[in-house]
Amino acid sequence: MATTINLDEHLLIGGSWIDATGGARFDVTDPATGNKVGSMPNGTEADVQAAIDAAAAALPGWRATPAIQRARILRKAADLMRERADEIATAMTSEQGKALAEAKGEVEYAASFFEWFAGEAERIYGEIAPPMNTNNRVLVLRQPVGVVAAITPWNFPAAMMTRKLGPAMAAGCTSVVKPASATPLTAALVLRCIEDAGAPAGVVNLVTSRDAGMVAKTIFSDARVRKISFTGSTEIGKDLIRASADQVKRLSLELGGHAPYIIFDDADLDEAVEGLIASKYRNAGQTCVCANRAFVQRGVYDAFRDKLKAKVEVMKVGHGLAEGTVIGPLIDSRAVDKADEHVQDAIAKGATLVTGGQRLTEGEFAKGAFYAPTILDGVTREMDIFYEETFGPVAGLTVFDTEDEVIELANDSIYGLASYFHTKDYARLMRVAERLEYGIVGANAGIISAANAPFGGVKQSGYGREGGSVGIDEYLDVKYVLMGAVGTV
Ligand code: NAP
């Protein structure tokens, strides 16, 4: 097995890699073993303030930098991430737990946002509206919003950050990044790529802290920060909506999800099994877009369950750096508790365990946060798993008969991020895609994330879109200039 890292990283403020004011640090640990894999400065309010100062100071120069030059830096940063993919992925697996192959995939995915938004930087077009009054002209400009704060989660420590920094940099904004305290080392390595690619001092700044509330308070009370982009739980997202009211700050919120995964009778069952596995068990079930409820039509229910069982019960669980590992540890013991609570609650209310259903605590698993890949048969609305995000490797199966019935079941959620279904019926594909109340629909596809697609949710999954051609709009203000006394042609 490759060895975990041992890395002591720093804050990045105004182009300097520095310690926190007062010098305090916190440990970063491997969720598979509990061992220390590095440390980060425990930033203070003064550090957050200094990061905002640096971003504000860098803003005039960066917004005036020609778009083509901003794009070159983004492309170079993507190249550097790819060159350093082994190092970044090893750090990610060490602190986050995911299997190394997945971590390498995430580095590539994360780099793709820099490349995509490098292209978008060069196409921030305005418009000239047709005159309503022949003496006037209306020019529409799209300008950078200013200083941005990005608050990111631990489940995709590289990609959730580049999905914000890519469009922010492309638009001409400067940023302060606050990564999850479980996974700050990956963040530091990605920011080193941006810096080494030639981003001027202060264009991106990194603050890590164990006191996320303090960081948020400092950001929200500083009038120079014009926009906050947050990816994380719906609970914290709601707090940020409240906090944004005081200064009417712009927000983008990528929050929780609870994806339905529908398999119709006419689906290609093998493809559907592969799709559900990719959606459900990637990152040990810790993705916002992962399937939390699988609805299988009655005619194929037993066959689907048996095919799924055959694949899931041979999944290799282990340290993310060990050869052949498919399912790594969960992020911490609380995550294991939550997965187990959902499983036990479902069983107590009548679900049947098909496979898994227990914590792994012996031998190599003794010190880690491991949970066996699990399938539950007979999940109903009475069970917690039907409505709550599990964030673990637990798939719950529910039988259905008709299209109308499954649409109603699938839309019965406070969340509206990702949804999936499998069918070979072309007309149904269009119909169901239109009826699902979700921001993202995977039709015959279990992996839906891509830099060129607008990612985001409806309902309590948040608002705003990241990626796609609209992703940069989140970082631009629209201004119009009315030019009077132009005269007629
Ligand atoms: P979280 O607890 O909400 O944390 C996310 C970020 O917010 C972390 O950087 C965290 O810092 C910070 N934070 C914690 N308390 C805060 C506060 N009071 N004010 C401001 N920031 C605060 O979420 P998580 O457990 O890391 O991530 C899992 C959640 O993210 C799931 O619900 C998942 O569905 C969602 N998610 C959504 C998307 C999407 O695109 N929609 C993508 C990925 C994940 P600390 O780490 O220091 O506490």
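## Aromatic pairs

The structure contains 8 aromatic pairs, counted where rings of Phe, Tyr and Trp (its six-membered ring) have centres within 6.5 Å. A pair of aromatic rings is described by the distance of the centres and the angle of the planes. Planes under 30 degrees apart count as stacked, those over 60 as edge-to-face, and the rest as tilted.

The rings of Phe264 and Phe400 form an edge-to-face pair, because their centres are 5.6 Å apart and their planes stand at 90 degrees. Phe264 belongs to the loop between strand 13 (259-263) and helix 9 (269-281), and Phe400 to strand 19 (residues 394-400), so this pair ties together parts that are 136 residues apart in sequence. Helices (H or I, at least four residues) and strands (E, at least two) are DSSP runs, numbered from the N terminus. Phe264 also pairs with Phe421: the ring centres are 6.4 Å apart and the planes are at 85 degrees, so this pair is edge-to-face. Here the link again joins distant parts of the chain, with Phe421 in strand 21 (residues 418-422), 157 residues from Phe264. Through these ring pairs, Phe264, Phe400 and Phe421 are linked into a cluster.

## Basis of the model

The model is predicted: local features need pLDDT of at least 70, side-chain atom pairs count only at pLDDT 80 or more, and totals for chains, interfaces and linings use all residues. Residues are numbered from 1 along each chain as its sequence is written, and side-chain values use heavy atoms, with hydrogens and water left out.

## Buried residues

Phe264 is buried, with a relative accessible area of 0%, where buried means under 20%, exposed over 50%, and partly exposed in between (1.4 Å probe, protein chains only). Phe400 is likewise buried, at 0%, and Phe421 is buried too.

Phe370 lies in strand 17 (residues 370-371) and is buried, with a relative accessible area of 3%. Ser229, in strand 11, is buried at 0%. The side chain of Ser229 makes a polar contact of 3.4 Å with the side chain of Glu466. A polar contact is a pair of N or O atoms within 3.5 Å; within protein, one must be able to donate a hydrogen and the other to accept it, and residues adjacent in sequence count only if both atoms are side-chain atoms.

## Surroundings of the ligand

Oxygen atoms of the ligand lie 2.7 Å from a backbone N or O atom of Thr152, 3.4 Å from a polar backbone atom of Ala180 and 2.6 Å from a polar side-chain atom of Ser233. Taken alone, the ligand exposes 900 Å², of which the protein buries 85%; accessible areas come from the Shrake-Rupley method with a 1.4 Å probe, and for residues only the protein chains shown count as cover.
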